[in-house]
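Colleague: Before I use the terms for this model myself, could you take me through what stands behind them?

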Amino acid sequence: MSTSSQSAALKFEIVAKCSTTKARASILTLPHGPVSLPIFQPVATQASLKGLTPTQLAETGCNLCLNNTYHLGLKPGQETLEKVGGAHALQGWKGNILTDSGGFQMVSLLKLAKVTEEGVRFLSPHDGTPMLLTPEHSISLQNTIGSDIIMQLDDVIATTSPDAERMEEAMERSIRWLDRCIAAHKRPEKQNLFCIIQGGLDLEMRKVCCKEMAKRDTPGIAIGGLSGGEDKMSYCQVVSACTDLLPPNKPRYVMGVGYPEDLIVSIALGADMFDCVWPTRTARFGNAVTSTGTLNLRHASFANDTGPIDADCACTCCRPEEEGGLGITRAYIYHVASKETAGAHLLTMHNVHYLLSLMGKVRAAITEDRYPEFLRAYFRRAYGDMARVPTWALTALKEVGVDLLA
Ligand SMILES: [Zn+2]
């Protein structure tokens, strides 16, 4: 079975496979340079990662970030984007960009959004005029944005929806919309269209969708509709069922996932790419993601803590001044977190760096074929006693050959 693929604007090569789990390490080469997978992509809403300049973002080791088509389409709008030459030029960002289709934002942000076969109907948040986002319009916007990876418009409904008939309609409509997106895509030699597998928690529906979408031979594949409140046991079953069916020589992107333990378990199940607003959003509430869990630095217990945010972290905030860092202490974050943007800014930098650095450790472990040991060490550190590790993680890992309780 081939472990590499190439299309006009993308090259994907698997460099190592875990001999126990389904984890793989690979290189994804996009128009703005290579990206080592597995990777977490931070979300830069409104074309700027909240609190970080493009230089600071690049310093965290990030070479692929996510922009929201919906936000860019509203402001600055397609005409301006056309004039400035797309989102890379607008942001002064030299790395790769992935854009979503805009559909999910509409359905989740606009209460009056309604999905029909034509597209997503909604009222303009500016002046209330009726508007329609079609697969063709989404692709046209993303072609103007110039992102390296563009996503198909899909019909997303909550995985927890009990309406099986509507779920099937959404899955089938997503396949029809993929065909319309492929036909509308004007720049396949510069931009990579990814399909999105739908089907809720129904493994049979996911199977049909995987088969149909794999036939369309897009450069990459996303598993969508998850992280919508379903239980994690079901989440893992869907990811694992999809990775078993998808062609092995294409990148697999699980949308909307960002908790460290969700990432490392999903990687064991064969996923390569992730995104989530959580690490940057939670920074604005004073939360630091660390190797011993998430800490709320607004808590008074940190008022006199002169240690770094995370002693094991090499980000600009945590590195001591003599090593070229800022030597930021927990006490300083506590002091500024609730009243100044500086606290959120520093925590954003740390959180993004933390997740990217975690992905670097994951890649090294897969390449050296010690991913099962890495998983053991991670969970032991996070929970102390393995018996306290959540059942969903124990079960999912056991199914791919790693028994944390053994
Ligand atoms: Zn740090």
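Modeller: What follows sets a few values against their definitions.
This is a predicted model, in which local features need pLDDT of at least 70 and side-chain atom pairs count only at pLDDT 80 or more, while totals for chains, interfaces and linings use all residues. Residues are numbered from 1 along each chain as its sequence is written.

Colleague: What makes the protein chain as compact as a globular protein of its length?
Modeller: The secondary structure of the chain comes to 14 helices and 17 strands, where helices (H or I, at least four residues) and strands (E, at least two) are DSSP runs numbered from the N terminus. Its radius of gyration, taken over C-alpha atoms, is set against the globule rule, 2.2 Å times the number of residues to the power 0.38. The chain has 21 Å, close to the 22 Å that the rule gives for 406 residues, so it is as compact as a globular protein of that length.

Colleague: How do you know which residues count as buried?
Modeller: A residue is buried if 20 or more other C-beta atoms, placed from the backbone, lie within 10 Å of its own, exposed if 12 or fewer, and partly exposed in between. By that count, 49% of the 406 residues are buried.

Colleague: Why are strand 2 and strand 3 called paired?
Modeller: Two strands pair if DSSP finds at least two bridges between them. Six bridges join strand 2 (residues 10–17) to strand 3 (residues 24–30), so they pair, and they run antiparallel. Ala16, for instance, has Ala25 in strand 3 as its bridge partner.

Colleague: What makes strand 1 and strand 4 edge strands?
Modeller: Four strands form an open, antiparallel sheet in the order 1-2-3-4. Strand 1 (4–7) and strand 4 (33–37) each pair on one side only.
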